[in-house]
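Biologist: Hi! Could you walk me through this one?
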Amino acid sequence: MSLRTLNAKDATDLDKDLMSVGAFSLDQLMELAGLSVSQAGGDGLVAARHLWHYGYQPTIFYPKQSKNELYQRLSEQLKNLGVPFTDDFEGALKDTDHVVDSIFGFSFSGEVREPFAAVITAMESTKVPVTAVDAPSSWSIEDGPPSSGPGAKFNPENLISLTAPKPLVSHFKGRHFVGGRFLPPSVAEKYNLDIPEYRGVDQIVELPAGQNAKT
């Protein structure tokens, strides 16, 4: 199975189409994305809530909390479940079995600053499995890992591409999943995207090892 990739500009435009033509709200898209992330391993907060209901014990590292009402509500939902928040990522890393990397979205660009540089360096060197959401943090959506600095050697065990793979997948070496079981055929056709065959009620599908995405 070879799926076409979606560059950063088209990914932004597609989200706008989902909220206009597709009639989805931002809350709905985040919920669907978070559900996809939770099955594979703003979206990380939703994934943590689902994981808690699945019986896991997530801990949230969220050093720069947004004042946006949606993000505040997502945080409050987690606090109502008793999900702990921590400022000590490296300390929490010693007591965890898995990391969900949802620090940056597909629109990230520029230099990685603290406290995120230290977090990315820790994920780069840990033996704890990491699942990255849409892009390993510090990676360019188009060009993959940076040539130097935090993230230059970061290649997590798993990547879940939301809606469709991004061009960076040509640099990725781990297990690759796609979560986009909400994409209307009309929107997929507009962006020349392939809709993979999802099994049963799964919200994700794994692409075969070594399978390159089409551009």
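Predicted model: local features only at pLDDT ≥ 70, side-chain atom pairs only at ≥ 80, totals over all residues.

Biologist: Which residues are buried in α4?
Modeller: Leu 70, Leu 74, Ser 75 and Leu 78. Buried means under 20% relative accessible area and exposed over 50%, with a 1.4 Å probe and protein chains only. Helices are DSSP runs of H or I, at least four residues, and strands are runs of E, at least two, numbered from the N terminus.

Biologist: And where do those buried residues fall, seen down the axis of α4?
Modeller: Within an arc of 135°, taken from the helix axis to the C-beta atoms, so they line one face of the helix. The face turned away from them carries the exposed Glu 69 and Asn 80.

Biologist: What comes just after α4?
Modeller: Gly 82, with a positive phi of about 80°.

Biologist: New topic: how many residues has the largest nonpolar core?
Modeller: It has 23, and Phe 89 and Met 123 are among those with the most contacts inside it. Such a core is a set of buried Ala, Val, Leu, Ile, Met, Phe, Trp, Tyr and Cys residues joined through side-chain atoms within 4.5 Å.

Biologist: Which helix gives the largest share?
Modeller: α6, with six residues.

Terms used
Residues numbered from 1 in each chain as written. Heavy atoms only, no water.
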